[in-house]
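Thank you all for making the time this morning.

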Amino acid sequence: MKRVAVYPGSFDPLTNGHLDIIGRGAALFDELVVAVLQNTDKEPLFTVEERLRVLREVLRPLPNVRVDRFEGLLVDYVRSVGGRAIVRGLRAISDFEYEFQMALMNRHLCEDVETLFLMAAEAYSYLSSRLVKEVAKLGGSVHGLVPPPVEKLLAERYRSAAARKSKR
Ligand code: PNS
């Protein structure tokens, strides 16, 4: 039987920390589905389509990784793709409380889906999509923190935002 896991997230944007977790997860399962949450209350920087496009481009070399979107309950989505596990990355203790709550809520909703926490390489332990956006917005370099297509997209997004501001 094919062992399928789902790596869910906002991926707004994809970072090298996410990529590290994807590589580790893909090595453990027959198929890893990277699933982008849509219809979130959060105001995203990139549309779901932009995030899917970047993920598909960057993850093309990984044959057992598939990219998809989902809405509604994560466990329902995991069941719909025949998944048995949810993969999440853990960076520091600060991630733990939120992740612990989510994992137990997901277990309450669906007993037979396990959450598996993987530790990203130490080099990425401080990296988050939120900080990447902040640094890029303020003109700092995010080179080496995100894959090249994300670096390009961030530069375009903030360049056009700066241009709109200077016209006002
Ligand atoms: O990258 P993020 O924003 O930390 O990912 C959060 C995500 C997508 C994993 C989480 O918000 C989620 O699973 N949302 C789906 C809604 C759901 O199932 N909620 C109940 C279980 S906590």
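**The cavity, the sheet and the pocket**

The largest cavity is lined by Phe-11, Pro-13, Leu-14, Phe-46, Glu-50, Arg-51, Val-54, Leu-55, Val-150 and Leu-153. Before I go further, please keep in mind that this is a predicted model, in which local features need pLDDT of at least 70 and side-chain atom pairs count only at pLDDT 80 or more, while totals for chains, interfaces and linings use all residues. Residues are numbered from 1 along each chain as its sequence is written, and side-chain values use heavy atoms, with hydrogens and water left out.

On terms, a cavity here is a set of points, on a 1 Å grid over the protein atoms alone, where a 1.4 Å probe fits but cannot get out, whereas a pocket is an open set with protein on both sides within 12 Å along at least five of seven lines, and lining residues have an atom within 4 Å of a point. Grid points are joined across faces, edges and corners, and a volume is the space filled by probe spheres set on the points.

With that in place, a search of the whole structure finds 1 cavity of 30 Å³ or more, and the volume of the largest cavity is about 60 Å³. Helix H2 (48–59) and helix H6 (148–167) each supply at least two residues of its lining, with H2 giving the largest share, 4 residues; helices (H or I, at least four residues) and strands (E, at least two) are DSSP runs, numbered from the N terminus. By class, this lining has 8 nonpolar, no polar and 2 charged residues, where Ala, Val, Leu, Ile, Met, Phe, Trp, Tyr, Cys and Pro count as nonpolar, Asp, Glu, Lys and Arg as charged, and the others, Gly among them, as polar.

Two of the lining residues deserve a moment for their backbone. Most residues other than glycine have a negative phi, and most peptide bonds are trans. Phe-11, in the loop between E1 and H1, has a positive phi of about 50° although it is not a glycine, and at 3% relative accessibility Phe-11 counts as buried, buried meaning under 20% relative accessible area, exposed over 50%, and partly exposed in between (1.4 Å probe, protein chains only).

In what order do the strands of the open sheet run? The order is E3-E2-E1-E4-E5, an open sheet of 5 strands with parallel pairing, and two strands are said to pair if DSSP finds at least two bridges between them. Strand E3 (65–70) and E5 are the edge strands, each pairing on one side only, and the twist averages 30° from one strand to the next, with axes being lines fitted to C-alpha atoms, for helices over the stretch in contact, and angles running from 0 to 180 degrees between N-to-C directions.

Strand E2 (residues 31–37) and E3 run parallel and are joined by 6 bridges; Leu-32 has Val-65 as its bridge partner in E3, and Leu-37 stands opposite Phe-70 in E3. E2, H2 and E3 together make a right-handed β-α-β unit, right-handed in the sense that, with the strands pointing away from the viewer, the path from the first strand over the helix to the second runs clockwise.

Strand E4 (residues 85–90) is largely enclosed by the rest of the structure, because 5 of its 6 residues are buried. E4 pairs with strand E1 (residues 4–9) in the parallel sense over 2 bridges, with Ile-86 in E4 as the bridge partner of Val-6. Strand E5 (residues 114–119) runs parallel to E4 and is joined to it by 6 bridges, with Leu-90 opposite Met-119 in E5. A right-handed β-α-β unit is also made by E4, helix H4 (residues 93–109) and E5.

About 1200 Å³ of space lies in the largest pocket, and of the 42 residues that line it, the closest to its centre are Gly-9, Ser-10, Lys-42, Arg-88 and Tyr-98. H4 gives the most to this lining, with 9 residues, and the lining has 19 nonpolar, 13 polar and 10 charged residues by class.
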